[in-house]
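The following note sets out points for a colleague who has the sequence and the model at hand. Each point may be checked directly against the coordinates.

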Amino acid sequence: MTMAKKYWLIAMLCLGVLLTCGTAWAMTDPCAGCHKDMSKVLPKEHPTVAAGGVAQCLACHNKGKEGAAEQNPFSTKLHTVHLSKKIDCVACHNAESGKSFGLKGDVVDWGAVKPEDVKLMQEKMNSWASSGFTDNLHARAGVDCAGCHGKKAPVSDDTVENARCLECHGPVAKLAERSANKEFPKRNPHASHYGSDIACTTCHKGHDASVVMCADCHKLWKMEIPGAAK
Ligand code: HEC
Ligand code: HEC
Ligand code: HEC
Ligand code: HEC
Ligand code: HEC
Ligand code: HEC
Ligand code: HEC
C-alpha cells in the first residue's frame with residue numbers, strides 16, 4: 001500500500017467512527033431532536049459548550065444527579081421553560097415502569113417509578129412552576145425537586161424531613177430570631193411550647209396552601225405565613 005492510500009484509509013476510518021458516534025448520540029440524546037444547535041438556546045454569557053447533547057451539560061451541571069441541597073438554576077430553567085411549552089416529561093426522561101426514572105442518553109437513575117408516579121410528579125411540577133405555594137416560592141429561587149427531595153424521584157406519600165429544610169434555612173435559632181413577633185415576642189412559630197421537633201410541614205405545606213397551626217387554638221392571633229395562597 002502506498003503512503004497516500006494508507007492515509008486515505010485512516011481518514012475514512014476516522015470519518016466512519018465520527019459518523020457512527022454522531023448518529024448514535026443524536027438517536028439517544030433527548031435534546032437533539034428539537035435543538036440542532038444548543039448554543040442558540042444557552043443563556044447569554046454562558047461558557048462555550050462542545051456539541052454532544054445533554055451529557056455535555058451534565059459534566060458541569062451535576063447537582064440534580066447528586067441530589068444536592070442547593071439551588072439548581074439549570075434544572076429549574078430547563079423544567080420551567082419546557083413545561084411552559086407543554087412538552088411532556090418523556091420527551092427527555094426514561095420512565096421504565098417499576099424500574100427507573102432517568103434521562104434519555106444518560107446513566108443517571110432517580111429510582112423506580114410507576115406511570116402514576118410520573119403523573120403525580122407532573123402535577124407537582126405544575127404546582128411548583130406556578131402555584132404561589134411553598135414549592136413555587138422555591139422554583140422562583142431556583143430550587144428544583146431534588147433540592148428538597150434529594151437523589152430519589154419523589155413518589156406518592158413522600159415528604160421532606162426538617163433536617164433537609166434546615167440544610168438551607170437552619171439553624172432553627174436563626175429562623176426563630178427572624179420570625180420573632182415585635183409586639184408579642186413569645187408568639188413565635190419557630191420557638192413555642194411545641195418545641196423545635198415539630199415538623200416544618202405542619203405549617204409549611206410543600207404543594208398546598210400553608211397554614212399557621214397556632215391559630216387552631218389561639219384564634220385571635222394574626223399570624224401570616226409565606227405560601228398561604230395562590
Ligand atoms: C420536544 C422539543 C424539545 C426538546 C426534546 C427539548 N427542547 Fe429545549 N426548548 C424547546 C422549545 C420549544 C423551547 C423554547 C423556544 C426556544 O427558545 O427555542 C426550548 C428552550 C430551551 C432552552 C432555552 C431556555 C431559555 O433560556 O429560555 C434551553 C437551554 C433548552 N431548551 C435546552 C434543552 C435541553 C438541554 C434539552 C434536552 C435535555 C431540550 N432542551 C430538549 C423544545 C425542546
Ligand atoms: C463548562 C461548564 C458548563 C457546561 C458544560 C454547561 N454549563 Fe450551563 N452553566 C454553567 C455555569 C457556570 C452557569 C452559571 C451558574 C449556574 O447557574 O449553575 C450555568 C448556568 C446555566 C443555566 C442557568 C441560567 C439561569 O437561569 O441562571 C442554564 C439554563 C444552562 N447553564 C444550560 C446549559 C446547557 C443546556 C448545557 C449543555 C448544552 C450547559 N449549560 C453546559 C456552566 C456550564
Ligand atoms: C427538556 C428536557 C426535560 C423535560 C421535558 C423534563 N425534564 Fe426532568 N430533567 C431534565 C434534566 C436535564 C434533568 C437533570 C437536571 C440536573 O441533574 O440538574 C432532569 C431532572 C429531573 C428530576 C430529578 C432531579 C432534579 O433536578 O430535580 C426530576 C424529578 C424530573 N426531572 C422530573 C421531571 C418531570 C416530572 C417532568 C415532566 C413534567 C420533566 N422532568 C420534564 C430534563 C427534562
Ligand atoms: C420546598 C421543598 C419542595 C420542593 C422544591 C418540591 N417538593 Fe415535593 N414535597 C415537599 C413536601 C414538604 C412534601 C410533603 C407533602 C406536602 O407537604 O405537600 C412533598 C411531597 C411530594 C410528593 C408526594 C405527594 C403525595 O401526594 O403523596 C411528590 C410526588 C412530590 N412532592 C413531587 C415533587 C416534584 C416533582 C417537585 C419538583 C417539581 C417537588 N416535589 C419539589 C416539598 C418540596
Ligand atoms: C436547597 C435549599 C433549600 C431547601 C432544601 C429548602 N429551601 Fe426554603 N428556600 C430556599 C431559598 C433559596 C429560598 C428563597 C430565598 C429565601 O427567602 O431564603 C427559600 C424560601 C423559603 C420560604 C419563603 C420565604 C419568604 O419569605 O418568602 C419558606 C417559607 C421556606 N423556604 C421554607 C422551606 C421549608 C419548610 C423547607 C423544607 C420542606 C425548605 N424551605 C427547603 C432554599 C431551600
Ligand atoms: C407552627 C407553624 C410553623 C412551623 C412548624 C414552622 N414554621 Fe416556618 N414560618 C411560620 C410562619 C408563621 C412564618 C412567617 C413568620 C414571619 O413572617 O415572621 C414562617 C416563616 C418561615 C421562613 C421565612 C423566614 C424569613 O423571614 O426568611 C422560613 C425559611 C421557614 N419558616 C422555615 C421553616 C422551617 C425550616 C421549619 C421547620 C424546622 C419551620 N419553618 C417550621 C410557621 C411555621
Ligand atoms: C392545641 C392548642 C394549641 C396550639 C395548636 C397552640 N397553642 Fe399555644 N397555648 C395553648 C394553651 C392551652 C396555652 C395555655 C393557656 C393560655 O395561656 O392561653 C397556650 C399558651 C401559649 C403561649 C403563652 C400565653 C400567651 O398568650 O402568651 C404562647 C406564647 C403560645 N401558646 C404560643 C403558641 C404558638 C407560637 C403556637 C404555634 C406554634 C401555639 N401556641 C399553638 C394551646 C395551643
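1. In strand β2, Gly102 is the bridge partner of Asn94. Likewise, Ala95 stands opposite Phe101 in β2. Strand β1 (residues 93-96) and strand β2 (residues 100-103) run antiparallel and are joined by four bridges. Strands are taken to pair if DSSP finds at least two bridges between them. The two strands form a hairpin with three residues between them, and Gly98 in the turn has a positive phi of about 70°.

2. The model is a predicted one: local features need pLDDT of at least 70, side-chain atom pairs count only at pLDDT 80 or more, and totals for chains, interfaces and linings use all residues. Residues are numbered from 1 along each chain as its sequence is written, while chains are lettered from A and ligands numbered from 1 in the order in which they are written.

3. The secondary structure comprises nine helices and two strands. Both kinds of element are DSSP runs numbered from the N terminus, with helices (H or I) of at least four residues and strands (E) of at least two. Along the sequence the pattern reads α-α-α-α-β-β-α-α-α-α-α. Of the 230 residues in the protein, 17% are buried. A residue counts as buried if 20 or more other C-beta atoms, placed from the backbone, lie within 10 Å of its own, as exposed if 12 or fewer do, and as partly exposed in between. Among contacts with a separation of 6 or more, 51% are between residues 24 or more positions apart; a contact requires C-beta atoms, placed from the backbone, within 7 Å.

4. Helix α4 (73-84) has end C-alpha atoms 16 Å apart, which agrees with the 16 Å that its twelve residues should span at 1.5 Å a residue. The expected span is 1.5 Å times one less than the number of residues. Phe74 is found in this helix and is partly exposed, because 18 other C-beta atoms lie within 10 Å. The C-alpha atoms of Phe74 and His61 are separated by 7.0 Å, although the two residues are 13 apart along the chain.

5. Which residues come nearest to ligand 2? They are Met38, Cys57, Cys60, Pro73 and Lys77, out of 14 residues around the ligand. A residue is near a molecule if its C-beta atom, placed from the backbone, lies within 6 Å of it. Helices α2 (54-60) and α4 each supply at least two residues of this shell, and α2 gives the largest share, four residues. By class, the shell has ten nonpolar, three polar and one charged residues. Here Ala, Val, Leu, Ile, Met, Phe, Trp, Tyr, Cys and Pro count as nonpolar, Asp, Glu, Lys and Arg as charged, and the others, Gly among them, as polar.

6. Around ligand 4 there are 26 residues, of which Lys124, Cys145, Cys148, Pro154 and Gly206 come nearest. The elements giving two or more residues to this shell are α5 (115-130), α6 (134-140) and α7 (145-149). The largest share, five residues, comes from α5. The shell divides into ten nonpolar, nine polar and seven charged residues. Ligand 4 lies between domain 1 (28-36 + 64-156) and domain 2 (159-230), because both give residues to its shell. The domain bounds come from an automatic or database domain assignment.

7. Ligand 5 is surrounded by 21 residues, the closest being Ala141, Cys165, Cys168, His204 and Pro226. Helices α6, α7 and α8 (162-169) each supply at least two residues of the shell, and α8 gives the most, with five residues. By class, there are ten nonpolar, eight polar and three charged residues. Ligand 5 also lies between domain 1 and domain 2, since both give residues to its shell.

8. Lys86 is exposed, because 6 other C-beta atoms lie within 10 Å. Asp157 has a positive phi of about 70° and is not a glycine either. Asp157 is found in the loop between α7 and α8 and is exposed, with 6 other C-beta atoms within 10 Å.

9. Is the peptide bond from Gly170 to Pro171 cis or trans? This bond is cis, with omega near -10°. Pro171 is placed in the loop between α8 and α9 (172-179).

Terms used
Two residues are in contact if their C-beta atoms, placed from the backbone, lie within 7 Å.
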